[in-house]
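Have a look at the picture first, and then read on.

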Amino acid sequence: MTTRRIEVVKSIEDLSLKAAELFVSEAAAAIAVRGIFSVALSGGSTPAPVYSLLSNDEYRSRISWDRIHFFWADERCVPQDHTDSNYKLASDLLLSKIPVPKANIHRIQGELGPDRAANIYENALRFFFQDMPVPSLDLIFLGVGTDGHTASIFPNEAKANNTTTRTAIPVYVETPGIHRVSLTLPVLNNAGTVVFLVTGKTKARIVRDILEGINSGFPAARVNPDRGQAIWLIDHEAAKLLNHRKMI
Ligand code: 6PG
């Protein structure tokens, strides 16, 4: 059964610190048991300070980077050096600054187009998580959009919302008209830990609707790992419509 933990923090700085500490503790726990740690990163603006933090001297020395395998929750179908690329975001802020072997970076090759990129990513997942019918990432960082999307699973995309057979799927988002590739709900729900990073008052309504169960149909509301935990790290502005918010 899923455990959902909600943590309301004062600022984006506090949120980033908590997320970085979670990264460290989840990585240490996984490495102690299996020798490696798999994490999927997201794009958007909220995780950027977390990536920057993890690349600073303190974190660089606390993490066994050669044991960490990086995946992505989603990607836009743009070249890898495009400003909209989720890989570029993580690469600029984190991957280029840490001693992680190239072979541990499993990016989504969005520049190949949605169908090909999704197929190749599915193969990469299958290869890495060899004996598992559904990949089980140790940690996934996610965001939530004001419309309730998470990764690139948008509310009205029937295929992306309903697939039970795919691990990664091509998605076309009409506004602003862009092709993407996303991990699917079965993969998000098979993770050890999923961490939602949510800030700002524009997210207050969707946070309330999801966390108070007003609408459990939003893609982000449907992410509740079957055998793991979902942690919602929310700043006070995004949490302001929650009934029982307790700041930590
Ligand atoms: C992306 C995403 C997406 C994002 C949300 C929240 O690449 O855009 O993975 O799902 O996490 O849209 O984005 P913000 O952090 O910018 O609010």
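In this predicted model, an oxygen atom of the ligand is 2.7 Å from an N or O atom in the side chain of Asp74. That is a polar contact, meaning a pair of N or O atoms within 3.5 Å. Here it is beside two other contacts:

| Residue | Part of the residue | Distance to a ligand oxygen atom |
|---|---|---|
| Asp74 | side-chain N or O atom | 2.7 Å |
| Gly43 | backbone N or O atom | 3.4 Å |
| His149 | polar side-chain atom | 2.7 Å |

The protein buries 88% of the 420 Å² that the ligand exposes when taken alone (Shrake-Rupley method, 1.4 Å probe).

Who else is around? The ligand has 15 residues around it, and Thr46, Asp74, His149, Ala151 and Lys203 come nearest (a residue is near if one of its heavy atoms lies within 4 Å). By class, this shell holds two nonpolar, nine polar and four charged residues; Asp, Glu, Lys and Arg count as charged, and Gly is among the polar ones.

Now step back to the whole chain. Its secondary structure comes to eight helices and nine strands (DSSP runs of at least four residues for helices and at least two for strands). The radius of gyration is 17 Å, close to the 18 Å that the globule rule gives for 248 residues, so the chain is as compact as a globular protein of that length. That radius is taken over C-alpha atoms, and the rule is 2.2 Å times the number of residues to the power 0.38.

A note on reading the model: residues are numbered from 1 along each chain as its sequence is written, and side-chain values use heavy atoms, leaving out hydrogens and water. Local features need pLDDT of at least 70 and side-chain atom pairs count only at pLDDT 80 or more, while totals for chains, interfaces and linings use all residues.

Notes. Polar contact = N/O pair within 3.5 Å; in protein donor to acceptor, adjacent residues only side chain to side chain.
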